[in-house]
Amino acid sequence: MNRVADQPEIFHLQNDASDEPPKVLLIDEESSNIVLSLQALPYEIEHLIDYTKLGNHLNYNVRLPSLIMVNSHCKMVNVDSLLVRLKQSELSKTIPVILFCDCINQCPDDKIRAFTLGCDDFISLPIDPREFVARVQSKVQSALYHQEVMEMAFKDDLSGLINRRGYNYALINEWARCKRAKKTISMLIVDIDNFKEFNDKFGHAKGDELILLASETLNKADKRSSDVVARYGGDEFIFLLPDCNYDGASKIARDLVERFNKLNMTHNHLLKMSKFSISIGVSSLIPNQKNTASDLFARADDALYKAKKEGKNCWKRAD
Ligand SMILES: Nc1nc2c(ncn2[C@@H]2O[C@H](COP(=O)(O)OP(=O)(O)OP(=O)(O)O)[C@@H](O)[C@H]2O)c(=O)[nH]1
């Protein structure tokens, strides 16, 4: 099997199943009447006053907004650099952005530049309530269609985790980010032990249930919001841990092996059928000119092989 990361494509991830109302992120340093107008709509509103906290609202492990609205009069926000940042990030580049502006005093060149930098629409201040609702709803609606398509492309149907394509994006992005910041990036490859035997003995449907249980258990690991948990394929899962060294990664690996062992003591009907455990390979690298993201994977894969060879139900680190 070719285990090297594929080429990147558009990556837009939404973490939760969307029975929840669409989310709108408003960047405005004041509690203005924009907030009041938004609150009248059936959306979840996140009002970001402290612009430096943007990363808390746009990361792999939160439900992403369907629309970002920015009051271009915010003194603390440089709209040009904000648009560049939003449109450069794989997570936010497809989320529509509406700017509020004082259209009477707005220079047309500023608007044209904003469009060039990725702004999708403008709303004039003071707000005309009917126009406000029409513009916001139309942008949210098209964003929802887009998110649906992206979910189909990047989410694993069975587990709800990020799929292999999504993992490839995350790897390319996070590797580059850690390289720029000269930070360690770690990876865990997790494989269910003797899954084939379970499948053969109890059938594919029960095997699917076990994969789902494994996914839920992996998701409960003590990880950061920037960490990525993906189903790589079959009974294999990957944790991608940016800015995390061997010690941090080993702690998660140890915790996971224990978590699965403890699962066997519960009264889950699947676990009465068979003992359930995982093996993990751990690798860490500081990206530089001489190594690649594929090295990180290959080393974790070797370590996983070692864990399997040395009896399974354990974790091993790369040499
Ligand atoms: N139920 C189910 N089975 C799957 C799915 N994808 C892959 N498989 C099966 O998963 C099994 C993977 O087995 P392996 O990892 O090769 O073998 P294993 O028994 O886990 O062996 P060790 O990893 O050495 O413990 C194969 O039998 C696949 O057919 C799936 O989505 N659902």
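Modeller: Here is a walk through the chain, from the overall layout to the ligand shell and some backbone details.

Modeller: Please keep in mind that this is a predicted model. The chain has eleven helices and ten strands, and its C-alpha atoms fill a box of roughly 70 × 45 × 30 Å along the principal axes.

Colleague: How is the chain divided into domains?

Modeller: Domain 1 covers residues 23–153 and domain 2 covers residues 164–317, with their C-alpha centres 36 Å apart. The contact between them takes six residues from domain 1 and seven residues from domain 2, and on the side of domain 1 that touches domain 2 the residues divide into three nonpolar, two polar and one charged.

Colleague: OK, on to helix H3, which residues are buried there?

Modeller: In H3, which spans residues 79–88, the buried residues are Val 79, Leu 82, Leu 83 and Leu 86. Seen down the helix axis they fall within an arc of 100°, so they line one face of H3, whereas Ser 81 and Gln 88, on the other side, are exposed.

Colleague: And what do the buried residues of H3 pack against?

Modeller: They pack against strand S3 (67–71), strand S4 (97–101) and helix H4 (108–117).

Colleague: Switching to the ligand, how many residues surround it, and which are the closest?

Modeller: The ligand is surrounded by 17 residues, the closest being Asp 193, Phe 195, Lys 196, Gly 207 and Gly 234. Strand S6 (185–192), helix H7 (195–202) and helix H8 (204–219) are the elements that each give two or more residues to this shell, and the shell residues divide into four nonpolar, five polar and eight charged.

Colleague: Where is the cis peptide bond?

Modeller: The cis bond joins Leu 125 and Pro 126, with omega at about -5°, and Pro 126 lies in the loop between strand S5 (121–124) and helix H5 (129–154). It deserves a look since most peptide bonds are trans, and most residues other than glycine have a negative phi.

Colleague: On phi, then, what is the value at Lys 182, and is that residue buried or exposed?

Modeller: Phi of Lys 182 is near 55°, a positive value in a residue other than glycine, and Lys 182 sits in the loop between helix H6 (164–181) and S6. Lys 182 counts as exposed because it has 9 C-beta neighbours inside 10 Å.

Colleague: What about Asp 243?

Modeller: Asp 243 has a positive phi of about 55° although it is not a glycine, and it lies in the loop between strand S8 (236–242) and helix H9 (246–263). With 16 other C-beta atoms within 10 Å, Asp 243 is partly exposed.

Notes
Residues numbered from 1 in each chain as written. Predicted model: local features only at pLDDT ≥ 70, side-chain atom pairs only at ≥ 80, totals over all residues. Domains from an automatic or database assignment. Contact = placed C-beta atoms within 7 Å. Nonpolar A, V, L, I, M, F, W, Y, C, P; charged D, E, K, R; others polar. Buried ≥ 20, exposed ≤ 12 C-beta atoms within 10 Å, placed from the backbone. Helix = DSSP H or I, 4+ residues; strand = E, 2+ residues; numbered from the N terminus. Arc of directions from axis to C-beta. Near = placed C-beta within 6 Å.
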